[in-house]
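Good morning, and thank you for coming.

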Amino acid sequence: MKELWFDTAKCLIGGEWTAPAGGGTLPLYDPSTGAEIGAIARGTAQDIDAAVAAAEAAYRGAWGQTPAFERGRLLMKLGQMVLEKADVLAAIEAADVGKPLKQARADAVALARYLEFYGGAADKLHGQTIPFLDGYTVYTLREPHGVTGHIVPWNYPMQIIGRSIGAALATGNACVLKPAEDACLTALAFADLALQAGLPAGALNVVPGLGAEAGAALTGHPGIHHISFTGSVGTGIAVQKAAADNVIPVTLELGGKSPQVVFADADLDAALPFLVNAGIQNCGQTCSASSRILVERSRYDEVVARMAERYDALRVGRAVDDLDVGPLISARQKGIVAGFMDHGTDLEVAGQATLGDLPDGGYYVAPTLFAGATGAHKLAQEEIFGPVQVVIPFEGEEEAVAIANGTDYGLVASVWTDSGARQMRLAKAIRAGQVFINNYGAAGGVELPFGGTGKSGHGREKGFEALYAFTTLKTVAAYHG
Ligand code: NAD
């Protein structure tokens, strides 16, 4: 890949690019064609040991002694460097993840925005003084955890690195990052830019590798003090168990089955682009994808027909073609999504994109809109992680809330209605970490705390809230008489 300026088969440990201790590599595939395009390091427990030791040394040394405002300044400089390289980062992500170029570039811009946000916040997080008994002065200190572990999935590497590593570094932690084996090139590019920006050696270490090897070694490592995990529910449970053994805090950002609830009084012209885009963006491989569209029965047929028109017109192509939808990440993911679609035979295929002349080896599926589902249908219950949405009719508010809350997940939801009172009632009644009213996703919302309830996970990242997650609170009670 001509954009690369670093060795993809290395780990970054203690400020040095090093070959993995076991000497192994993992192949990289371009999802648009299925072609092998390179290799990454297959890091092991030995590399994780070295990375945790390097992070601990940085935390005790140069990075730990860097004042908050200088940490912030460095992150903002790094943000600027990311912005300047946004086109290059987008091209790398497009080849590695199959993401259409415009969507990949938006991720690079969001990464820069996280670095600006957390850079600006670094010297604005502080404790409090607490009125107490006569003769005492009591105050709290917000302190970094120390060494933080970060495990990232393949769907939005840049955005998730931005929100997690950005907040952890801003608060003075030293980080060990294990990117996803299917998508780690932009993580490596980012780490190299961080070195160029002047981040002290060991403040950020990157060990690519398999989840069961490098990932499990990191989450179970006794030298880490906090773990931030974004990924599937099954892995999240394993990560939480490992964190329990070391009694460390864990932030879990897991999956979702996020509903958009459309009432008869909604402005459909405004809603329609959101209803569809929230399902097909990044080929549906978005934790906060809206895979369930709940529509009040009196406008159900109209919504299905208008969504179907959009589905029929969707253009699917290679990432470099920069169309509406690209390929899925891997052959494995294609098999999973196809398997779910086979479970929709009892539903109506209301709309479906046509796959044109695409490379044979690419991981493409036709974006599909299923209608006539109930809230209990398998496609309305389980996370598909592909460009598939189901439309479900409902009658009245009570049923809408029951269906919206009727899955194991609770990540994101939206409500489309003109009624202010209903907006407020539904925002309270729906179980989710974020509820949007007459929009969906708020354009990414770097500033907005994000996270789930139920099997969508716990803890919050993004916004100022993440700064609390990446710090621990110390209370100092001084008796002076
Ligand atoms: P995954 O759980 O398979 O992998 C995520 C990461 O965990 C990868 O880096 C992987 O190598 C690592 N991993 C795998 N096994 C591990 C283990 N035993 N110990 C430690 N680490 C391990 O998930 P995925 O398939 O890559 O990502 C898709 C899932 O992620 C979906 O369920 C999606 O909803 C979720 N996701 C959630 C959010 C969010 O913010 N809530 C964001 C993106 C993705």
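Ring pairs join Y114, F117 and Y118 into a cluster. By definition, rings of Phe, Tyr and Trp (its six-membered ring) pair if their centres lie within 6.5 Å; planes under 30 degrees apart are stacked, over 60 edge-to-face, and the rest tilted. This is a predicted model, in which local features need pLDDT of at least 70 and side-chain atom pairs count only at pLDDT 80 or more, while totals for chains, interfaces and linings use all residues. Residues are numbered from 1 along each chain as its sequence is written, and side-chain values use heavy atoms, with hydrogens and water left out.

How many aromatic pairs does the structure hold? There are 10 aromatic pairs. In one of them, the ring centres of W154 and F385 are 5.5 Å apart and the planes stand at 70 degrees, so this pair is edge-to-face. Are W154 and F385 buried or exposed? Both are buried (under 20% relative accessible area; exposed is over 50% and partly exposed in between, with a 1.4 Å probe and protein chains only).

The rings of F464 and Y468 have centres 6.0 Å apart and planes at 70 degrees, and therefore also form an edge-to-face pair. F464 counts as partly exposed, at 30% relative accessibility, and Y468 is partly exposed with a relative accessible area of 36%.

Finally, I turn to charges. The charged end of K99 sits over the ring of Y156, 3.8 Å from its centre (NZ of Lys or CZ of Arg within 6 Å of the ring centre and within 35 degrees of the ring normal). The charged end of R422 sits over the ring of F263, at 4.1 Å from its centre.
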